[in-house]
Amino acid sequence: MEHRGFIQQMEHYYTAYARALLHIERPERIVGEAFDILWAGWDETEAAAGPNLPRYAWRLLRSRVLLRVRRHPDHRPDLRPAAFMTITQSRIEDPVARFVEISEVADFFDAISHLPPDQFDVVVLRYLCEFTPDQVQEATGLSPAHVHTLDHHARGALEQLHHRPTARE
């Protein structure tokens, strides 16, 4: 019963995260795999995870998703394909303007992949999946203050990464 309740509580978050990173139609299979692994060791998991089962489960889910994510040669997750799936670009009728929008968004998504893991997750959940800070906290098992701090630092880092000089400049 506890496992089923946990799945019902987390499934939406986990599926949104998997869809955002993998760009696949049916991310439920990967999420289900993570829940199956959690179930296989449920009795030990509660003891191993201590009071923060959501944090333990989030790390498990994250590892399953990142095993399948497309990567850059330096092994960072490649989020650039998500630029082709934004609502904003889909509404632009002029092909040149659409290309410019996709290029800019792809650069921004590429910058996200430079973030440390927890900042990366907070940014993906907050801004790609559009979850509130409370929802991010619930999904990841991080404290509200930690989510706020990670979000703040990630936005600062993205500002620097996104506006760093290029070789052409």
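Author: Contact here means heavy atoms within 4.5 Å. Keep that in mind for what follows. The model is predicted.

Reader: Good. Start with Thr15. Which residues does Thr15 touch, leaving out those up to four places away in sequence?

Author: Thr15 touches Pro27, Glu28 and Val31.

Reader: Where does Thr15 lie? And is Thr15 buried or exposed?

Author: Thr15 lies in helix 1. The residue is buried, because its relative accessible area is 9% and the cut-off for buried is under 20%.

Reader: Now helix 1 and helix 2. At roughly what angle do the axes cross?

Author: Roughly 140 degrees. Helix 1 covers residues 2–22 and helix 2 covers residues 28–40. Their axes come within 8 Å.

Reader: What does that make helix 1 relative to helix 2?

Author: Oblique. Roughly antiparallel would need an angle over 145 degrees.

Reader: Is the crossing left-handed or right-handed?

Author: The crossing of helix 1 and helix 2 is right-handed.

Reader: Which residues make the contact?

Author: From helix 1, they are His3, Phe6, Ile7, Met10, Glu11, Tyr14, Thr15, Ala18, Arg19 and Leu22. From helix 2, they are Glu28, Ile30, Val31, Phe35, Leu38 and Trp39. So Thr15 is part of this contact, and it is one of the buried residues.

Reader: How does the contact of helix 1 with helix 2 divide by class?

Author: There are 11 nonpolar, 2 polar and 3 charged residues.

Reader: Step back. How many helices and strands in the chain?

Author: 9 helices and 0 strands. Along the sequence the pattern reads α-α-α-α-α-α-α-α-α.

Reader: What share of the residues counts as buried?

Author: 43% of the 169 residues.

Reader: And the accessible surface of the chain, what does that come to?

Author: About 10,000 Å². Carbon and sulfur atoms hold 54% of that.

Reader: Over to helix 4. At what angle do helix 4 and helix 7 pack?

Author: About 85 degrees, with the axes 13 Å apart. Helix 4 and helix 7 are therefore roughly perpendicular to each other.

Reader: Which residues make that contact?

Author: Arg55, Trp58 and Arg62 come from helix 4. Helix 7 supplies Pro117, Asp118, Phe120, Asp121 and Leu125. By class, the contact has 4 nonpolar, no polar and 4 charged residues.

Reader: What about helix 4 and helix 8? How far apart are the axes?

Author: 6 Å, and the packing angle is about 80 degrees. That makes helix 4 roughly perpendicular to helix 8.

Reader: Which residues meet there?

Author: Pro54, Arg55 and Trp58 in helix 4 meet Glu138, Ala139 and Thr140 in helix 8. The classes are 3 nonpolar, 1 polar and 2 charged.

Reader: Arg59. Where is that residue? Is Arg59 buried or exposed?

Author: Arg59 is in helix 4. It counts as exposed, at 53% relative accessibility; the cut-off for exposed is over 50%.

Reader: What separates the C-alpha atoms of Arg59 and Asp118?

Author: 10.0 Å. The two residues are 59 residues apart along the chain.

Reader: What does Gln119 touch, not counting residues up to four places away in sequence?

Author: Leu150, His153, Ala154 and Ala157.

Reader: What is the phi of His75?

Author: About 80 degrees, a positive value, although His75 is not a glycine. His75 sits in the loop between helix 4 and helix 5. It is exposed, with a relative accessible area of 60%.

Reader: And Glu130: what is phi there?

Author: Near 65 degrees, again positive in a residue other than glycine. Glu130 lies in the loop between helix 7 and helix 8. Its relative accessible area is 66%, and Glu130 is exposed.

Key: Residues are numbered from 1 along each chain as its sequence is written. This is a predicted model: local features need pLDDT of at least 70, side-chain atom pairs count only at pLDDT 80 or more; totals for chains, interfaces and linings use all residues. Side-chain values use heavy atoms; hydrogens and water are left out. Axes are lines fitted to C-alpha atoms, for helices over the stretch in contact, and angles run from 0 to 180 degrees between N-to-C directions. Helices (H or I, at least four residues) and strands (E, at least two) are DSSP runs, numbered from the N terminus. Angles under 35 degrees count as roughly parallel, over 145 as roughly antiparallel, 65 to 115 as roughly perpendicular and the rest as oblique. A crossing is left-handed if the near helix is turned anticlockwise from the far one by less than a right angle, and right-handed if clockwise. Ala, Val, Leu, Ile, Met, Phe, Trp, Tyr, Cys and Pro count as nonpolar, Asp, Glu, Lys and Arg as charged, and the others, Gly among them, as polar. Buried means under 20% relative accessible area, exposed over 50%, partly exposed in between (1.4 Å probe, protein chains only). Accessible areas come from the Shrake-Rupley method with a 1.4 Å probe; for residues, only the protein chains shown count as cover.
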